[in-house]
Amino acid sequence: MDPRVAIIEHRLDGIKRIIAVASGKGGVGKSVTASLLALILAKRGYHVGLLDLDLYGPSSHIILGIDVDEYPSEDKGIIPPERHGIRFMSIVYYSKEHPTPLRGEDVTNAIIEVLAITRWGNLDFLIIDMPPGIGDETLDTIRLIKKSEFLVVTTPSKVALQTVVKLVKLLKELNVPIIGVIENMKFDDSAYVKDTVSELGVKYLGYVPFDKSFEDAVGSAEKLMKTDVAKKLSELVGNL
Amino acid sequence: MHEWALAESVVMTAVDIANKEDASKITKIIVKVGELQQIELDIFKYALDEIKKGTIMENAEIVLEEEEAILKCRVCGHEWKYKDVLEKLNEDISEAIHFVPEMAHTYIRCPKCNSPDFEVIKGRGVWIKSIEVER
């Protein structure tokens, strides 16, 4: 029997809310949304953790400009280093800049290991930057992190939205709480996403406009917080 | 001390199982320790002994069985032992594999065909093999 699974809930005991930022498709801004959300909540004075669960393409550390050269310190487990007021944990501390090709069973094993050994302590919020889709990582998050709630990100693209519809349907079928859907990188006035999301019976939280200059802020927490994207996102998640 | 986190998970799981079986105490537990994770057995045993105090596992005999890690390439079928490649890995890399054994796929390649697509057929990490209880 795998002894690690039983301890995961205990490791997450001191966390009030766990929010998984997810989407059906890559490239819609999940990592940016998750990273900014963590920053916004930390600036509001909350104790915040950020867990990058994207094992193939971890990127929260790039967005926030977090140095991952050193391994996190140990004290009867792994203590996530605090950066920009956020306790940050990612597989990238161990994989560095190297590719990490994993099959499903390995993905699950790596997720269980990280959840079993990371000691978050007391947090108001743990934000999880999810990989895209409804594969192993999403199923494992639902299975292992019972109190997770999902914040779903899409773009105005019909292609992205259709994958999001599938994710939302799955979450509803499994009775996983959905905080709502954010329409990211909006560039027109179409109500298509809002209408589609509403028809699914899920809250449309609003949109974040496409910001051509956003890329200049990537890598600097200070610059990120000054972007229009951060300001708009802060409004949308105002009453989390 | 990563060993402490794993020891804690072993004790918690064993006590959970014993409680579900309405057992009054655990008398023996056999834990397999896979070589890939490079667990320090002395620390792990010490942690188990400390953490079990005050639980129904307090007087349990703890047996640790080391399991050799064997890897098998999914592409060419070659099988090899982790210890045969371990000496070629620097300390940082074996440390990464110690924390998350799946990092083996980041740093190890099949010695025959150089593929990262292999499976760890045995000896990955910590596993509870058996628990003996008294009702």
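Predicted model: local features only at pLDDT ≥ 70, side-chain atom pairs only at ≥ 80, totals over all residues.
I started with H2(B) and listed what it touches, skipping residues up to four places away in sequence: E74(A), G77(A), E113(A) and I117(A) from chain A, plus Q37(B), H98(B) and F99(B) from chain B.

Next I checked where H2(B) sits, and it is in helix α1 of chain B, which covers residues 2-20. Is H2(B) buried or exposed? I got 0% relative accessibility, so H2(B) counts as buried; the cut-off for buried is under 20%. I also found a polar contact between the side chains of H2(B) and H98(B), at 3.3 Å.

I counted 31 residues of chain A in contact with 32 residues of chain B. The two chains bury about 2800 Å² between them, and carbon and sulfur atoms give 62% of that.

Then I looked for charged pairs. How many salt bridges are there between chain A and chain B? I found three. One that I looked up links R103(A) to D117(B), with the closest N and O atoms 2.7 Å apart.

Last, I asked which helices chain A uses on the side that touches chain B. I saw that α1 (4-11), α4 (92-95) and α5 (104-117) each supply at least two residues. The largest share, seven residues, comes from α5(A). Sorted by class, that side of chain A has 15 nonpolar, six polar and 10 charged residues.

How values were computed: Residues numbered from 1 in each chain as written. Chains lettered and ligands numbered in written order. Heavy atoms only, no water. Helix = DSSP H or I, 4+ residues; strand = E, 2+ residues; numbered from the N terminus. Buried < 20%, exposed > 50% of the residue type's maximum accessible area, 1.4 Å probe, protein only. Polar contact = N/O pair within 3.5 Å; in protein donor to acceptor, adjacent residues only side chain to side chain. Contact = heavy atoms within 4.5 Å. Buried area = accessible area lost by both parts, 1.4 Å probe. Salt bridge = Lys/Arg side-chain N within 4 Å of Asp/Glu carboxyl O. Nonpolar A, V, L, I, M, F, W, Y, C, P; charged D, E, K, R; others polar.
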